[in-house]
Amino acid sequence: MKELGERLQAIVDMVRPDQRVADIGCDHAYVSLELARKKNCTVLAMDIGDGPLKIAEENIRAAAEQDGKYSKAAGTATANESGSETANGTTKESNGETGDAAANEPNGENGNDASEKPNGETGFGTTEEPASSSDGDQTGGPDWINRITLRKSDGLAGLSRGEADALVIAGMGGHLIIDILHNGADKLRSGMQLVLSPQSDLRLVRYELRKMNIFITEEKCLSEEGKWYFILNCKVGMNLPAPVSDEEAKQYMMYGKYLPEHPSDAFREFLVWEARGLEDLLKSLAGQKTPAARARSGTIRRQLEENRYIQSLIG
């Protein structure tokens, strides 16, 4: 299985173990896999696209073979009686549907591997005994593959209220994350954990979370492959939505409360990097006299002042 990078590993680390987790926009399901294997979570890996879900299914099977949950015979290319080919545990049917090295039964059930359910879910299961590692341990426990279900869903639309204890929403823009939370607000429950990693519009995310009475309890800043990422560990509060004033919410927009109070070396490096970028922007706007340029310069100056203030606080 592909080794997780620092960002995805930090997301996995933030999720509390033994929970029912909905991984929204799961993409290739690397986070979902690790949550099931290493955190003993029951995971709904959800995505709006058929392509990512297909790749996710393939990754889950590959990880299962690696951990010994599927028989090695399932990975041997053979021709079955109907002439369809089975390779790597996937049966290519003439109608374009895929099974998991199992024939489609008249009652709609598949064998012991992945099963396509009428509502578009794919569940996984196996009767194979898990293979022990060289030191006698069993990776992720004997039944981790039974704890993952793939489901096609637009945001939280396919999630029932009370079906998850935690949500993971990562790898998408901040506007989209907030839209998903607003549109699925009826699925949020007091005490629910949200692990969010917006790719953009972080200030908007912090502002809207506060307006929704969702509190950031921990935040991690890190750099990976030349890009900065922020991962927010959040908890849903009581009485959604809370009557919070704009002025109060704006206090949480720039850098939040957690990082200035618990500064890491990475956060300090980010502030220096950000300040240099803001200074360069001011220089590029210095010769422009249009109202738009002047307004933009004013916004950047305020951001730079806030940045320097935080730097002075954390030392």
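Two strands pair if DSSP finds at least two bridges between them. Keep that rule at hand for this tour of a predicted model.

**Stop 1: strand β10**

Select residues 193-198, which form strand β10. Color them by accessibility. Six of the six residues are buried, so the strand counts as mostly covered, with buried meaning under 20% relative accessible area. Now show side chains. Gln193, Val195 and Ser197 point one way. Leu194, Leu196 and Pro198 point the other way.

**Stop 2**

Next, trace the chain from β9 to β10. The path goes through helix α4, residues 174-183. This β-α-β crossover is right-handed.

**Stop 3: the antiparallel neighbor**

Bring in residues 227-236, strand β12. Here the direction is antiparallel, and four bridges join β12 to β10. Go back to Gln193. In β12, its bridge partner is Lys235.

**Stop 4: Arg206**

Move to helix α5, residues 202-211, and select Arg206. Is this arginine buried or exposed? Arg206 counts as buried because its relative accessibility is 2%, and the cut-off for buried is under 20%. The side chain of Arg206 reaches the backbone oxygen of Met254 at 2.7 Å. Draw that distance to finish the tour.

Terms used: Residues numbered from 1 in each chain as written. Predicted model: local features only at pLDDT ≥ 70, side-chain atom pairs only at ≥ 80, totals over all residues. Heavy atoms only, no water. Buried < 20%, exposed > 50% of the residue type's maximum accessible area, 1.4 Å probe, protein only. Helix = DSSP H or I, 4+ residues; strand = E, 2+ residues; numbered from the N terminus. Right-handed = clockwise from strand over helix to strand, strands pointing away. Polar contact = N/O pair within 3.5 Å; in protein donor to acceptor, adjacent residues only side chain to side chain.
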